[in-house]
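Thanks for making the time this morning. I would like to walk through one model with you, beginning with a pair of helices and ending with the chain as a whole.

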Amino acid sequence: MRLPPLNAIRAFEAVCRHGSILKAAEELNVVRGAVRQQIATLENHVGRKLFARDGRKLVPTVQASAFAAAAGAAFDILQRAALELESTVPGRIRLGVPSAFAVWWLMPRVADMQASLGDMSVDIVPMTVVEPLQMHPELDAVIMGGEYRPAAGITALRFMEDEFGPVATPALAATLSGGPTGMGALTMLASRSVPKLWDEWFAESGTPPVVFSRVQEFEDLLLALAAARSGLGIALAPRASIEDDLKRGDLVAPYGFISRPSGYSLCCRTPDAKRPTFAALSGWLLSCGMPA
């Protein structure tokens with residue numbers, strides 16, 4: 001049997017991982033119709049349907065799941081081989097970074113980073129939804145937040161502890177009274193990328209949950225924080241992502257911050273951890289990391 005078209009396999013594997021044609025299209029940087037066409041091409045090639053629908057999610061059949069796993073492993077091998085082929089360009093790292101962390105913490109320091117690293121090149125890839133490195137063979141390293149436990153073959157360096165708490169503009173914070181319950185009069189700004197962040201703060205701070213007058217959701221934390229900076233409401237923010245806003249007075253934390261049993265880690269494949277480029281990047285991150 002001849003192999004199916006490579007583009008069809010790539011689209012199929014992406015849909016299986018995401019359970020969504022839209023998210024697969026975003027990953028592949030194509031329109032949804034192109035992904036649907038590739039799925040149809042593959043189904044015509046193998047002579048069977050590959051997905052069933054469960055609500056809004058596409059669920060692969062048992063046979064399709066097995067093929068998707070094999071395809072993913074094959075793409076990973078090809079990607080790593082391609083990266084090794086490109087290694088004739090020394091000192092380059094493709095680094096996946098949470099979007100909010102990239103914009104509010106890393107980018108203001110990128111000139112210092114480049115000065116420290118010299119000829120080494122870091123391609124910063126913002127990630128709306130941060131996924132482990134083993135799911136992204138196209139990346140050399142990923143910055144993971146939270147209580148991350150590295151998988152086999154992955155080395156993780158914790159370079160920064162973190163705190164989190166509610167933040168708002170000084171003008172909006174001035175309207176608060178009566179402790180955290182006063183937040184109920186404001187709009188709660190939430191992020192779909194970290195949907196339980198508010199629940200975690202209530203639980204970890206020992207604060208009774210607040211019923212907000214209004215809740216507005218954003219696709220990622222970056223947008224929720226931008227909304228907070230514009231005075232739209234109050235957001236729950238990791239301190240690392242808004243430290244510079246606090247120093248400038250653009251945002252305030254009316255109830256302070258609490259330490260999290262988590263932080264930020266630089267994750268790379270274990271064989272790469274010994275490369276000078278990763279040692280240099282790790283050293284710079286450690287020098288900039290904030291204490292808890």
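Helix H5, residues 99-106, packs against H9 at an angle of about 50°, and their axes are 7 Å apart; the axes here are lines fitted to C-alpha atoms, for helices over the stretch in contact, with angles running from 0 to 180 degrees between N-to-C directions. That angle makes H5 oblique to H9, given that angles under 35 degrees count as roughly parallel, over 145 as roughly antiparallel, 65 to 115 as roughly perpendicular and the rest as oblique. From H5, the residues Ser99, Ala100, Val103 and Trp104 meet Leu221, Leu222, Leu225 and Arg229 in H9, where contact means heavy atoms within 4.5 Å. The residues of this contact divide into six nonpolar, one polar and one charged, with Ala, Val, Leu, Ile, Met, Phe, Trp, Tyr, Cys and Pro counted as nonpolar, Asp, Glu, Lys and Arg as charged, and the others, Gly among them, as polar.

Before I go further, please keep in mind that this is a predicted model, in which local features need pLDDT of at least 70 and side-chain atom pairs count only at pLDDT 80 or more, whereas totals for chains, interfaces and linings use all residues. Residues are numbered from 1 along each chain as its sequence is written, and side-chain values use heavy atoms, with hydrogens and water left out.

Staying with H9, which covers residues 221-229, the buried residues are Leu221, Ala224, Leu225, Ala227 and Ala228; buried means under 20% relative accessible area, exposed over 50%, and partly exposed in between, with a 1.4 Å probe and protein chains only. Seen down the axis of H9, these buried residues fall within an arc of 155°, so they line one face of the helix, the arc being that of the directions from the helix axis to the C-beta atoms. Just after H9, Gly231 takes a positive phi of about 90°.

Which residues of H1 and H3 meet? Asn7, Ala8, Ala11, Phe12 and Val15 in H1 meet Val35, Gln38, Ile39, Thr41 and Leu42 in H3, and the residues of this contact divide into seven nonpolar, three polar and no charged.

In the loop between helix H2 and H3 we find Asn29, whose phi is near 60°, a positive value in a residue other than glycine. Asn29 is exposed, with a relative accessible area of 70%.

Of the 292 residues, 44% count as buried, and the C-alpha trace spans about 70 × 50 × 30 Å along its principal axes.

Key:
Helix = DSSP H or I, 4+ residues; strand = E, 2+ residues; numbered from the N terminus.
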